[in-house]
Amino acid sequence: MGRVRAFLGMLLIAAGAGWVSAADEPLDAAMILEQVRAGWRGESFHALVEIEITVSGTTRRHLVEVWTCGEDRALVRIVEPEAEAGSGYLQLGDALWYYSPALGTAIALPAMGLTQALFGAGPSLGDLAQGTLSRDHDVQAEAVTGADGALVGYLLTLLPRPGAPVVYGKLAVTVTADYVLSKIVYYDQRGAVLRTAAFEEVVRIGEILFPTKVVVVDANGDRAVQRILDPEFGIALDPSFFTVERLEAGE
Amino acid sequence: MNAAFRIAWRNLWRHPQRTLLMTVIVAFGSLVILVLFGIVDGFVGSMTAAHVAEDQGSFQLRTAAYAADPALEHALSPEQLAQLGVALNGMRLAGIAPRLEAGAMLRSAYGTDGVALRGIDPVAERTVTRLPEMVVAGSYLTGSGEILLSVALAAELDVRVGERVVVVVSGSAGVKSRGFVTVGLFSPTVVEMERVAVASIEDVRELTGVQGATSLAVGLPHGTPSERAVAEARRRLADHPDLEVAGYFDLNPLARVMISGSTIKLIPFVIMIGLLAGFGVANTTFYSVVERTREFGVMRAVGMSGKTLAGVVLLEATFVGAMGFAIGGGIGYAGLLYFGRNGLDFSSFVRDVSGSLGMPTVIYAAASGWYWMAAFSVVVFTALVAAWYPARRANRLEPVTAIREG
């Protein structure tokens, strides 16, 4: 479940990363973060996503179909492997359900499952949706320029504030000049890199700049590669689409 | 009679190997009985003492609803806490400490684990449990934003003193999370306590949205019997059926099953050990009597009465029993005293097999005086009973027949 939720969160970051086009004026650190996250809020999204997870040298492949609407509605349906086909997750606000054809009925998962963090214990979906990254961290930004002095992007350094629900010592977030999320490096509290998430293969869909590949590599070598196939934004998705009945229908 | 003593004593050392064999048998029986009683009683004592001193206090006060269903909505309200304070006023107590406990997820950069989050009043807690003395790294809680973890939990999540962890709680205020700085690590002997993370009660109230406490833990002055205090508290709260006074067994229902009659349950083992020792003594004594039939016949012929001869045989068994008991009992008692002071570390066994039963990882042997009496009674009595048949045979020997047939 963690991997699926991690995927969902990454997907939403990726979507948000490209939603906003480049601004004309330089922004402060908090505003850059806001630009990165602001785009996908309240919008609908649909895609097929291929996930390859490598743990201890063994790779498993999954294909899932995802629908999201706003900050608190998401439906994830597993397409492949065949053994898990038809099972999926539904998030409605603070509630989370899991369905498997073998169970025959959807079961509610503990609300704490919703806080399942991105990439294990990184910023959660809620953090990104509700702008808590800037609330929980002191953010410093520095411009990254090319050899010609032109602005290439921004390097944001996020340090957790006292009492913030953050287990990391530091996050280093690289954003392009177009405010597309490019890379996140997670440091532990001893200064060591725990994992990196790279956002690659950016495509333009209408106004949107969208990374279609997300590669997460843990310090121990485990990795997850996610390829977003045929992404659609702003599709007509009524909130009533996200129901337990639909989850159980396995459609 | 002095002659009988002398003869019996001299007889023993005419066959030192046989005497040593019987002594070893009796010593082994005494040792096993003493150790059995000491360890079992020590286990019970260690378990109750560890629970009281490290975890729950002498007794607790909670709502009857919380006892039936330990959910946050059944916590004591601030008004009930005030009522309890008034009700217990005047009782001879060491202290009262409010607790607010909730299931929580604890996260570090390296993992996530389920814990019981216990909110405490750091000052009041000192009067009820020895939590401050259990801190083996860092320091005890001093205020908000701090958390204590067990050494085992910290190792599992790879957390060091000074590092931040995140606690996620599902309370009446929904799912809330907060970062805490790990200020100290404690080392409990009760395995259950390894899954407890301790923070200030105000922080836990803020996270859960519950303003009261799930329980009031009560500490008693040293030497005060808890049963009497529990009865007194129940009497004082008789008009409050919604409140419950929970004694040791109410808080540890599994312990009741484990402890009840634990000493009585040992009796079959003690009887078996007594029989083994008895057969050993009887067997050896019997053959020593058979072997000395001719000798006994001569003794009867020169005027020794059958009764005195039987007395000599019984005295031999008594000497052997006494020597065996002195050796076995001495070694056993010294061992119990040593393990009563230093404890027996069962941590790997307890963690693997029965951590959920609330058994302590270190068991301190008990060394009560009555074990000595029990072992002495069993072993010496058995030795005497075992020597009775050979003694009877010696008593009935006909001198002429014995000399001819021996």
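Helices, like strands, are taken here as DSSP runs, a helix having at least four residues, and they are numbered from the N terminus. In this predicted model, Val379(B) is found in helix H16 of chain B, which covers residues 369-395.

Val379(B) has a relative accessible area of 3%, and because buried means under 20%, this residue is buried. Leaving aside neighbours within four places in sequence, Val379(B) is in contact with Val26(B), Gly29(B), Ser30(B) and Ile33(B). The C-alpha atom of Val379(B) also lies 9.0 Å from that of Leu275(B), a residue 104 places away along the chain.

In chain A, His137(A) belongs to strand S7, which covers residues 137-145. His137(A) is likewise buried, with a relative accessible area of 2%, and, when residues up to four places away in sequence are not counted, its contacts are Leu158(A), Leu159(A), Pro160(A), Arg161(A), Val166(A) and Leu171(A).

| Residue | Relative accessible area |
|---|---|
| Val379(B) | 3% |
| His137(A) | 2% |

Helix H13 (residues 293-301) and helix H14 (residues 306-342) of chain B pack with their axes 10 Å apart and at an angle of about 140°, which makes H13(B) oblique to H14(B). The crossing of H13(B) and H14(B) is right-handed. On the side of H13(B) the contact is made by Phe296(B), Met299(B) and Arg300(B), while H14(B) contributes Gly306(B), Leu309(B) and Val313(B). By class, the residues of this contact between H13(B) and H14(B) comprise 4 nonpolar, 1 polar and 1 charged.

Conventions
Residues are numbered from 1 along each chain as its sequence is written. Chains are lettered from A and ligands numbered from 1 in the order in which they are written. This is a predicted model: local features need pLDDT of at least 70, side-chain atom pairs count only at pLDDT 80 or more; totals for chains, interfaces and linings use all residues. Side-chain values use heavy atoms; hydrogens and water are left out. Helices (H or I, at least four residues) and strands (E, at least two) are DSSP runs, numbered from the N terminus. Buried means under 20% relative accessible area, exposed over 50%, partly exposed in between (1.4 Å probe, protein chains only). Contact means heavy atoms within 4.5 Å. Axes are lines fitted to C-alpha atoms, for helices over the stretch in contact, and angles run from 0 to 180 degrees between N-to-C directions. Angles under 35 degrees count as roughly parallel, over 145 as roughly antiparallel, 65 to 115 as roughly perpendicular and the rest as oblique. A crossing is left-handed if the near helix is turned anticlockwise from the far one by less than a right angle, and right-handed if clockwise. Ala, Val, Leu, Ile, Met, Phe, Trp, Tyr, Cys and Pro count as nonpolar, Asp, Glu, Lys and Arg as charged, and the others, Gly among them, as polar.
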